[in-house]
Amino acid sequence: MKKISLIVSIAFFLAACGGNEPAKTEATEEKKSETSIMDNPDYDKGLNLVAKSDCFTCHKLREASTGPSYGDVAKKYENTDANVEMLADKVIKGGQGVWGQIPMAAHPQVSKDDAKQMVKYILLLKEETK
Ligand code: HEC
C-alpha cells in the first residue's frame, strides 16, 4: 500500500514538474526582453534622475495618473534627437495642452543634460508595452 502511494506521489511530482516547464520559459523570455532595455546605459542613468526628482508623483510607468504614463509618452514620440530636445525643454519649462488641461510642472532646477537623460529613459519604455 505504501509503495503504491509513493509511486502515485512520484508520478504526481513528475506531472507537476512537466506542467511547470512552459511557464518557466515564458518567464525567462519576459526577463530577456526586460534585460535588453535595461542593458541600454540610458535606462539606469535616466531612471536614477527620474527617481531622484518628483516625476513619479505625477507619472506612472503604465497607467495615466496626474500626467500621462511614460509608456504612453514613449508610444507617442519617436526616439529622435529632436524629440528628446523638445521634451527636455518641456520638463524644464513645464507646459500643458498636449495630454489634457492639467499642466506639467516646470523643473528649472533640472539641467538640460539631465532632462535629456530623463527623456531618453522615458522613450525607452515603449518596447515593454508592445
Ligand atoms: C505636478 C505633476 C507633474 C510632475 C511632478 C511631473 N510631470 Fe510630467 N507631466 C505632467 C502633466 C500633467 C503632463 C501633460 C502635459 C500636457 O498635457 O501637455 C506631463 C507631461 C510630461 C511629458 C510629455 C510632454 C509632452 O509634451 O508630451 C514628459 C516627457 C514628462 N511629463 C516628463 C516628466 C519628468 C521627467 C518629470 C520629473 C522631472 C515630470 N514629468 C514631473 C505632470 C507632471
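Biologist: Let's start with Cys-55: does Cys-55 count as buried or exposed?

Modeller: Keep in mind that this is a predicted model. To read burial, you look at relative accessibility, and anything under 20% counts as buried. Cys-55 comes out at 11%, so Cys-55 is buried.

Biologist: How many disulfides does a search of the whole structure find?

Modeller: For a disulfide, you need two cysteine sulfur atoms within 2.5 Å of each other. Searching the whole structure here turns up 0 of them.

Biologist: Now the metal. Which protein donors does the iron atom of the ligand have?

Modeller: The idea is to look for N, O and S atoms within 2.8 Å of the metal. On the protein side you find NE2 of His-59 and SD of Met-104, at 1.9 to 2.0 Å from the iron atom. These two residues come from distant parts of the chain, 45 residues apart. His-59 sits in the loop between helix 2 (41-52) and helix 3 (70-76), while Met-104 is in the loop between helix 4 (81-93) and helix 5 (112-124).

Biologist: What do the angles say about the site of the iron atom?

Modeller: Ideal angles for six octahedral donors are 90 or 180 degrees. In this model the iron atom has 6 donor atoms with angles of 80 to 180 degrees among them, and the site is octahedral.

Biologist: Which residues touch the most other members of the largest nonpolar core?

Modeller: The largest one here has 22 residues, and Val-119 and Leu-123 touch the most other members. Helices 2, 3, 4 and 5 each contribute at least two residues, with helix 5 giving the largest share, 7 residues. Leaving out residues up to four places away in sequence, Val-119 touches Val-84, Leu-87, Ala-88 and Val-91.

Biologist: Where does Tyr-70 lie?

Modeller: Tyr-70 is in helix 3, and Tyr-70 is buried at 4% relative accessible area. Apart from neighbours within four places in sequence, its contacts include Cys-55, His-59 and Ile-122. Phe-56 is also in contact with Tyr-70; the two are 14 residues apart in sequence, with their C-alpha atoms 9.8 Å apart.

Biologist: For contrast, does Thr-57 count as buried or exposed?

Modeller: Exposed, because its relative accessibility is 61%. You'll find Thr-57 in the loop between helix 2 and helix 3. From Thr-57 to Gly-67 is 10 residues in sequence, and 9.1 Å in space from C-alpha to C-alpha.

Note on methods:
Residues are numbered from 1 along each chain as its sequence is written. This is a predicted model: local features need pLDDT of at least 70, side-chain atom pairs count only at pLDDT 80 or more; totals for chains, interfaces and linings use all residues. Side-chain values use heavy atoms; hydrogens and water are left out. Buried means under 20% relative accessible area, exposed over 50%, partly exposed in between (1.4 Å probe, protein chains only). Donors are N, O and S atoms within 2.8 Å of the metal (3.2 Å for Na, K and Ca); water is not among the atoms, so sites may look incomplete. Four donors count as tetrahedral if all angles lie between 85 and 135 degrees; four count as square planar and six as octahedral if opposite donors are over 155 degrees apart and all others between 65 and 115; anything else is irregular. Helices (H or I, at least four residues) and strands (E, at least two) are DSSP runs, numbered from the N terminus. A nonpolar core is a set of buried Ala, Val, Leu, Ile, Met, Phe, Trp, Tyr and Cys residues joined through side-chain atoms within 4.5 Å. Contact means heavy atoms within 4.5 Å.
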